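Welcome! Here is a short tour of salt bridges, strand pairing and pockets, written to be read with the model open beside you.

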Amino acid sequence: MARISPTLIFQFIISSLLLSSFAMTMVSGENHGFVRSIDPKFLGLQREKLTHIRLYWHDIVGGHHPTAIDVVPPPSKSSPTNFGLVRMFDNALTQGPELSSELVARAQGFYASAAQKELSLLMAQNFAFVQGEFNGSTITLLGRNSVFNKVRELPVIGGSGVFRFAKGYAEARTHTFDLTTGDATVEYNIYVLHY
């Protein structure tokens, strides 16, 4: 039986390793450590589209079944803006301005009184769709809401399901506001780019 030299074995091993390393680079692309570019089609993303959604947001702070509750009271009762107040909500989003209108989604999140000299809120909320073509999907809004402005804009910062990779903005307009109870209905027009 012929004996194979150790040098030949060593050269064969090194050649095999280099060849497999080269093959892996061709399959996976250029290695940039923990970051790499990928083709959006790899995630099933096709052409981006713009969708307009109009909903009515019902914030109920009074009565026996409030949909918004204080989780952090304002530290000073003398603040005209309730600066420091944090309120958590799970509000109905309906197709029309009446609370009895068809429920399309739930607005779940919080708002906080974030200004000392005007009534301006920091709002973070998910619009969680409960029916229709967007059922199970969410749109996430985060931004400033100066409630006495006729029209307020909040950025769409993301979403899930149909709205994965979403971006855009929402316009909020107060439809009704009850000075006695603090209850409000707000019209939201959302313009969202998504795949």
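## Salt bridges

Glutamate 48 and lysine 167 form a salt bridge, with 3.7 Å between the closest N and O atoms. Glutamate 48 sits in the loop between helix H1 (6–28) and S1, while lysine 167 belongs to strand S8, so this pair ties together parts 119 residues apart in sequence. Both ends are partly exposed: glutamate 48 has a relative accessible area of 31%, and lysine 167 has 42%. Please keep in mind that this is a predicted model.

A search of the whole structure finds five salt bridges. Another one of them joins the side chains of glutamate 118 and arginine 144, at 2.8 Å from N to O. This pair also links distant parts of the chain, since glutamate 118 lies in the loop between S4 and S5 and arginine 144 in strand S6 (residues 138–146), 26 residues apart. Glutamate 118 is partly exposed at 38% relative accessible area, and arginine 144 is partly exposed at 48%.

Glutamate 171 and arginine 173 meet through their side chains as well, at 3.2 Å from N to O. Here glutamate 171 counts as buried, with 14% relative accessibility, which falls under the 20% cut-off. Arginine 173 is partly exposed, at 29%.

## How S1 pairs

Which strands does S1 pair with? S1 pairs with S9 in the antiparallel sense, over 11 bridges. In this pairing, tryptophan 57 stands opposite valine 186 in S9.

S1 also runs antiparallel to strand S3 (residues 86–94), and three bridges join the two. Tyrosine 56 stands opposite threonine 94 in S3.

## The largest pocket

The largest pocket holds about 550 Å³ of space. It is lined by 23 residues, and those closest to its centre are Leu119, Leu121, Val147, Phe177 and Gly182. Two or more lining residues come from each of strands S1 (49–59), S4 (103–113), S5 (120–129), S8 (167–177) and S9 (184–194).

About 250 Å³ of space lies in the second largest pocket. Its lining has 13 residues, with Gln95, Val104, Gly132, Glu133 and Phe134 nearest the centre. S1 gives the largest share of this lining, four residues.

By type, the lining of the second largest pocket consists of four nonpolar, five polar and four charged residues.

How values were computed:
Residues are numbered from 1 along each chain as its sequence is written. This is a predicted model: local features need pLDDT of at least 70, side-chain atom pairs count only at pLDDT 80 or more; totals for chains, interfaces and linings use all residues. Side-chain values use heavy atoms; hydrogens and water are left out. On a 1 Å grid over the protein atoms alone, a cavity is a set of points where a 1.4 Å probe fits but cannot get out, and a pocket is an open set with protein on both sides within 12 Å along at least five of seven lines; lining residues have an atom within 4 Å of a point. Grid points are joined across faces, edges and corners, and a volume is the space filled by probe spheres set on the points. Ala, Val, Leu, Ile, Met, Phe, Trp, Tyr, Cys and Pro count as nonpolar, Asp, Glu, Lys and Arg as charged, and the others, Gly among them, as polar. Two strands pair if DSSP finds at least two bridges between them. A salt bridge is a side-chain nitrogen of Lys or Arg within 4 Å of a carboxyl oxygen of Asp or Glu. Buried means under 20% relative accessible area, exposed over 50%, partly exposed in between (1.4 Å probe, protein chains only).
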